[in-house]
Amino acid sequence: MTNVYSLDGILVFGLMLICTCAYLKKVPRINSWLLSEKKGVWGVFYKAAIIGTRLHIAVANFLFDLASYIVFLK
């Protein structure tokens, strides 16, 4: 189990945020409600969704590498 205060925990949290926002971008009602703001605090969710949709292969590879590290090496 990872905690948020380690580098592993921060990476897991960031990648899960990116994946969740990219998935929620496909839902029209949530897309207009949560991902409509492009600036400010709520803009983080919009930017995470854009990163998740544009770099989905790189994010998936990084998630696989991070999961392998946590399962086998930690």
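How far apart do the end C-alpha atoms of residues 44–64 lie, and how much of the span is helix or strand? The ends lie 23 Å apart, and the span is 95% helix and 0% strand. The model is predicted: local features need pLDDT of at least 70, side-chain atom pairs count only at pLDDT 80 or more, and totals for chains, interfaces and linings use all residues. Residues are numbered from 1 along each chain as its sequence is written, and side-chain values use heavy atoms, with hydrogens and water left out.

**Overall build**
- The chain has four helices and zero strands. Helices (H or I, at least four residues) and strands (E, at least two) are DSSP runs, numbered from the N terminus.
- Along the sequence, the pattern reads α-α-α-α.
- The C-alpha trace spans about 40 × 25 × 15 Å along its principal axes.

**Confidence**
- The average pLDDT of the chain is 89, and 95% of the residues score at least 70. pLDDT is the predictor's confidence in each residue, from 0 to 100.
- Helix α2 (residues 28–34) has the lowest mean pLDDT among the elements, at 86. Helix α3 (residues 43–54) has the highest, at 93.

**Annotated spans**
- UniProt, in an unreviewed entry, places the feature "transmembrane region" at residues 6–24 and 44–64. UniProt positions follow the numbering used here, feature names are shortened, and annotations may be inferred rather than shown by experiment.
- The end C-alpha atoms of residues 6–24 lie 27 Å apart. This span is 95% helix and 0% strand.

**Surface and burial**
- Of the 74 residues, 24% count as buried. Buried means under 20% relative accessible area, exposed over 50%, and partly exposed in between (1.4 Å probe, protein chains only).
- The accessible surface of the chain comes to about 5,700 Å². Carbon and sulfur atoms account for 70% of that surface. Areas come from the Shrake-Rupley method with a 1.4 Å probe; for residues, only the protein chains shown count as cover.
- Leu73 sits in helix α4 (residues 56–73). Leu73 counts as exposed because its relative accessibility is 67%.

**Contacts**
- Leu63 is also placed in helix α4. Beyond residues up to four places away in sequence, Leu63 touches Leu15, Met16 and Cys19. Contact means heavy atoms within 4.5 Å.
- Leu63 and Ile51 are 12 residues apart in sequence and 14 Å apart in space, C-alpha to C-alpha.
- Among contacts between residues at least 6 apart in sequence, 62% join residues at least 24 apart.
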